[in-house]
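This report describes one protein chain for a reader who is new to structural analysis. Please keep the sequence and the structure in view while reading.

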Amino acid sequence: MRMLHTSDWHIGRRFRGLDLLDLQAKALDWLIDTIQQEHVDVLCVGGDIYDLPFPSAKAVELFSTVFERLGSLQVNGHPLQIVMVPGNHDSAARLGVGSDLLRSNIHMRCNVAAIADPVDIRINNEHLLVYAVPFLDPDTSRQTLEQLTGHAVASSHADAMRAALELIEANLQQQRQADPHVAATMLVPAYVSGTHQVDSERGICVGGVDSVPASLFSDSQLDYIALGHLHTAQQVTIPVVAADQRPPIAQYSGAILAYSFSEATVPPRRGNGKQVMLVDFDTHDAATPCTVQAVDVQSDQPALVSLTDTVQNLISKEAPLHRDDWVSLTLETKGPIQRREYQQLGEAFHHILEKRVVYMDSKREYKRVVPEVATYADELGILESFVQYSYGRAATDAELKVLRTAVERVHAKQAASDEQ
Ligand SMILES: [Mn+2]
């Protein structure tokens with residue numbers, strides 16, 4: 001049986017002011033073609049389907065079109081089986097609306113109470129169980145997990161996952177008694193420790209949600225763990241704790257588009273190396289019950305590239321190579337950059353998505369660096385760094401007081417308008 005594993009579509013996401021819906025539509029068109037060409041039986045989507053819990057009408061429209069096309073696909077003479085779970089960017093309640101009314105080949109699994117009730121897929125003589133686990137927010141999933149396990153669950157992502165695995169392992173043991181050859185996979189968004197993170201995966205560490213140790217999965221008896229949440233495709237090494245264990249293959253498919261400059265490939269290339277995984281299960285082969293093959297997503301997303309040099313060098317040396325790429329420019333200068341130079345840059349590069357200026361000083365190497373707004377947790381931090389940047393010194397207490405008052409005023413105003 002062949003499964004396609006993808007995650008982190010983030011439909012509706014914008015990148016540095018750019019609307020990505022057309023590129024997302026292209027990537028998802030390619031996905032549908034690939035499912036047909038590669039004779040995929042099961043599609044698994046590991047969360048972050050939307051970028052926001054309240055997606056825009058346009059985002060919902062794109063998902064709806066893709067969802068309907070996927071749901072009515074016939075592959076090898078049978079309907080494509082679809083399993084989806086919400087990630088930490090999705091609203092489980094909204095994504096799961098009407099899920100009981102969906103066709104029997106569509107499994108929108110948004111309910112923590114059903115994690116140990118696998119999607120049971122039988123095609124010809126092959127049998128696959130998909131344990132579909134929505135993003136386990138410890139605060140909202142704990143009560144359900146405590147009821148199901150009959151013991152206390154601490155408020156951390158690791159403990160929620162441990163409880164989920166306890167339930168899944170118990171069910172899988174029963175299932176294997178009935179059918180020793182059944183293949184088993186878990187579909188779950190999680191941040192497994194020891195993996196490589198990039199800038200566009202915000203949000204999972206907020207509110208006490210943290211990483212999950214890879215060793216939790218060692219004794220799970222699963223064949224494959226289809227991970228979501230991280231945006232770069234990567235395999236996670238699951239340690240062998242006991243000699244007779246065969247740890248599962250744990251894999252992140254990564255997102256379908258690059259959503260931050262930290263995801264740029266070296267050398268830069270169109271599509272930015274984003275992938276989906278084709279997973280073939282053959283449980284009659286005890287030594288290699290599943291094999292994984294990565295396939296590059298064809299989205300046509302321009303290559304992302306970060307360039308650092310003087311304005312003149314960027315224009316003469318880099319622009320000919322990167323005219324149509326999406327570029328992040330760091331301009332090195334000794335004095336103020338002229339309006340005319342900015343115009344020339346704008347003509348030399350077609351897509352400048354970010355620009356920062358580094359003031360070089362012959363004595364001290366970097367004198368003033370324009371602060372990177374995205375690295376600050378709150379508004380006051382941004383304002384403080386602006387003072388540092390402008391005056392070359394930290395803000396005084398009096399200045400901080402003024403800034404704090406301004407921030408509080410804006411928040412109060414925002415809160416008042418949200419209530420309306
Ligand atoms: Mn994500």
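## Domains

How far apart do the C-alpha centres of domain 1 and domain 2 lie? They are separated by 38 Å. The contact between them takes 10 residues from domain 1 and 9 residues from domain 2, where two residues are in contact if their C-beta atoms, placed from the backbone, lie within 7 Å. The side of domain 1 that touches domain 2 has 5 nonpolar, 1 polar and 4 charged residues. In this classification Ala, Val, Leu, Ile, Met, Phe, Trp, Tyr, Cys and Pro count as nonpolar, Asp, Glu, Lys and Arg as charged, and the others, Gly among them, as polar.

The domain assignment gives domain 1 (2-296), domain 2 (302-359) and domain 3 (371-420); such bounds come from an automatic or database domain assignment. The model is predicted: local features need pLDDT of at least 70, side-chain atom pairs count only at pLDDT 80 or more, and totals for chains, interfaces and linings use all residues. Residues are numbered from 1 along each chain as its sequence is written.

## Helix 1

Helices (H or I, at least four residues) and strands (E, at least two) are DSSP runs, numbered from the N terminus. Helix 1 comprises 17 residues (21-37), and at 1.5 Å a residue it should span 24 Å, which agrees with the 24 Å between its end C-alpha atoms. The expected span is 1.5 Å times one less than the number of residues.

The buried residues of helix 1 are Gln24, Ala27, Leu28, Leu31 and Ile35. They cover an arc of only 95 degrees around the axis, which puts them on the same side of helix 1; the arc is that of the directions from the helix axis to the C-beta atoms. A residue is buried if 20 or more other C-beta atoms lie within 10 Å of its own, exposed if 12 or fewer, and partly exposed in between, with C-beta atoms placed from the backbone. On the other side of helix 1, Asp22, Asp33 and Gln37 are exposed. The elements that cover the buried residues include strand 1 (2-6), strand 4 (42-46) and helix 2 (57-71).

Leu4 lies in strand 1 and is buried, because 22 other C-beta atoms are within 10 Å. Among the residues that Leu4 touches are Ile35, Leu43 and Val276. Leu4 and Cys44 are 40 residues apart in sequence, yet their C-alpha atoms are 6.2 Å apart in space.

A nonpolar core is a set of buried Ala, Val, Leu, Ile, Met, Phe, Trp, Tyr and Cys residues joined through C-beta atoms within 7 Å. In the largest such core, which has 94 residues, Leu43, Val133, Ala164 and Leu187 touch the most other members. Helix 5 (residues 157-178) gives the most to this core, with 7 residues. In soluble globular proteins, nonpolar side chains tend to be buried together.

## Backbone features

Most residues other than glycine have a negative phi, and most peptide bonds are trans. His10 has a positive phi of about 50 degrees and is located in the loop between strand 1 and strand 2 (14-15). Is His10 buried or exposed? His10 counts as buried, since it has 26 C-beta neighbours inside 10 Å.

Asn124 also has a positive phi, near 50 degrees, in the loop between strand 9 and strand 10 (126-132). Asn124 is exposed, with 10 other C-beta atoms within 10 Å. The peptide bond from Val266 to Pro267 is cis, with omega near -10 degrees.

Technical notes. Lists of a residue's contacts leave out its neighbours within four places in sequence.
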